[in-house]
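Visitor: I would like to learn how to read a model like this one. Where do we begin?

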Amino acid sequence: MCGIVAYVGDRTAYPIIIKGLQRLEYRGYDSAGIALVNKGIHVYKCKGKVKDLEMHTNGKPITGSIGMGHTRWATHGEPSDNNAHPHVSQNGKFIVVHNGIIENYSHLKKELMSRGYDFQSETDTEVLANLIENIYLEEKVDAELAVRLALTKVIGAYGLVISCTDNHDQLIAARKGSPLVIGVGEKEYFLASDATPIIEYTDQVIYMNDEEVAILSRGDLTLKNIQNDAKKPKIQKINLSIEEIDKGNFDHFMLKEIYEQPISIEDTFRGRISMDRSKIFLGGIIEALPKLAEAKRIIIIACGTSWHAGMVGEYLFEEFARTPVEVEYASEFRYRNPVINKDDVVIAISQSGETADTLAAIKMAKEQGATILGICNVAGSSIPRETHAGVYTHAGPEIGVASTKAFTSQVTVLTMMAFLLGKTKGLINETDYKKLVQELTDIPDKIGTILKSESEIEKIAQTYQHANNALYLGRGYLFPVALEGALKLKEISYIHAEGYPAAEMKHGPIALIDENMPVFVIATKDKSYEKIVSNIQEVKARNGKVIAIVTKGDSVIKNMADHVIEVPDCHEALAPLLTVIPLQFISYHIAVLRGCDVDQPRNLAKSVTVE
Ligand code: G6P
């Protein structure tokens, strides 16, 4: 949450920072700001998006080759001009942009107030700016030491870029808990919350570690920890192209990402499924495989859509590998004193690799001796660095806040893991294994077929665009898909929606059904098909409107439902990968028809680095 971009070098900083902030807007878009260092310092900030900041700076001095910018997701204080970053300390000595939360800010604030500090905003960041300044002025130390001393007093998480107005040529960056990447160019440095603002200029990056401080000026970088021990910068090459983070001809990133799924799933297979489509090889967990095979229990931890992927994982691991699975919200798991044993394997799933609750849950399980595997999309992010081993999803950058291709790639990885584990444990015979692997590799083409029904699905979206509520029902593997379908609709169209196990409908939600209630039923041919047909009849008997996702050629449900959307036939364990696609389209089109901001829905952010 919150995006940071900064630059020090010989180029004009303004366009680099503005473009970078636009790339990071998925992290928050309540307000934005920029500080530019020239002969003097100019700070501009306002409520709204980066485009509002651009309008705000129109006609004002924007020169300077050092600067920092911020796009905010409000934690302390409402979105407003005053609460926007950068924050300037009371005597104008320090300028700060911050991603994270200073948990002991109110205690620090009281102390600073007793020393004569007044506050212009409600933010924790302004407290930090004043704390650094107070140390700098009272202890008469240099800016870097003042920053390090201040950070020893801080409890919480931060990605920080700081400028001291007495030393115009220098930027100080620090990280704990919130990501920060340094781009290394020819006598110039870039700083950002992820690599996307940097790739246009350099492919050489340093991922900062927790409690590290970087001091950057033109052509000079010093890395150390808060205790002043020198650290050797580890420069890595990033494999990310501009095309991957461009919207191309699509109206929205979400639509582009829905369409990318045949390719993103292929990319998830790449190098992991043999050419003859008969074997799975997961290099990232090869050493952990014996441990996984012996595990008495698998605990899957995740948040949001990744948690839904985890639920599909539960069905897969229990069916194919016969290992008991618990799927936990990371936020609940970390705070409820869970029983964790040394022979438990914890699988953490995260698109961003930065979700604060998932990261904290991993650290806790690790301390208690469990083996931790990660399934992440963003290479070099915090979660893969905390886990013992893992598998990257390789879905490519996902920019739309509502997750689509990351979900199907996560489910693809979980499916490969479950098949491989079942085979390793001797629970799947050679013939069945080959058949399963082949069926899995057929999925991208089958998704390609579903993508062709977009215009048909758009018509259904038109019919239900004014709904106030919606219900999503599924059984077995398709129950997590119902949850995901409902979440997609809530997130981007602001229609209240609930996902339910179809059989549970009669224990409550059935009371809500009337002629105004669209009920999305995921009802492809599987072992509970007959049961879900009965559930559809129960909805129809109460005049509910049924939109059913069915297996191609299904004539039974066609005669009952108000609308059907067909998907190709597949093994029931693979059906989540197909049936989620029409639900993504439904949410997308309803949101567009309602005039919602599809890629940046209100109040949400893609990378949730606060608890
Ligand atoms: C946010 C995003 C969701 C995502 C969730 C978990 O809520 O909007 O799309 O599923 O965080 O994020 P992660 O990066 O850990 O998968």
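Guide: Begin with a term. Helices, at least four residues long, and strands, at least two, are DSSP runs numbered from the N terminus. Tyr494, for instance, lies in the loop between helix H17 (479-493) and strand E21 (496-501). Keep in mind that this is a predicted model.

Visitor: Which residues does the cis peptide bond join?

Guide: His85 and Pro86, with omega at about 0°. Pro86 belongs to the loop between strand E4 (66-72) and strand E5 (87-88).

Visitor: Now the ligand. How many residues surround it?

Guide: A residue is counted if one of its heavy atoms lies within 4 Å of the molecule. For the ligand that gives 13 residues, and the closest are Ser306, Ser350, Gln351, Ser352 and Thr355.

Visitor: How do the residues of that shell divide into nonpolar, polar and charged?

Guide: Four are nonpolar, eight polar and one charged. Helix H9 (residues 304-321) gives the most to the shell, with three residues.

Visitor: Where do backbone atoms come in for the ligand's oxygen atoms?

Guide: Look for N or O pairs within 3.5 Å. A polar backbone atom of Thr305 is 3.0 Å from an oxygen atom of the ligand. For a backbone N or O atom of Val401, the distance to a ligand oxygen is 3.2 Å. Ala605 also places a backbone N or O atom 3.2 Å from an oxygen of the ligand.

Visitor: How much of the ligand does the protein bury?

Guide: The protein buries 91% of the 390 Å² that the ligand exposes when taken alone. The ligand's space is the second largest pocket.

Visitor: Last topic: how many salt bridges does the structure hold?

Guide: Side chains of opposite charge can pair when their charged atoms come close. The structure holds 31 salt bridges. One joins the side chains of Glu144 and Arg148, at 2.9 Å from N to O. Both residues lie in helix H5 (residues 143-152), four residues apart, which is about one turn of the helix.

Methods. Residues numbered from 1 in each chain as written. Predicted model: local features only at pLDDT ≥ 70, side-chain atom pairs only at ≥ 80, totals over all residues. Heavy atoms only, no water. Polar contact = N/O pair within 3.5 Å; in protein donor to acceptor, adjacent residues only side chain to side chain. Areas by Shrake-Rupley, 256 points an atom, 1.4 Å probe, with all protein chains shown as cover. 1 Å grid on protein atoms, 1.4 Å probe; cavity = no way out; pocket = protein on both sides within 12 Å on 5 of 7 lines; lining within 4 Å. Sits in = over half its atoms within 2 Å of the grid points. Nonpolar A, V, L, I, M, F, W, Y, C, P; charged D, E, K, R; others polar. Salt bridge = Lys/Arg side-chain N within 4 Å of Asp/Glu carboxyl O.
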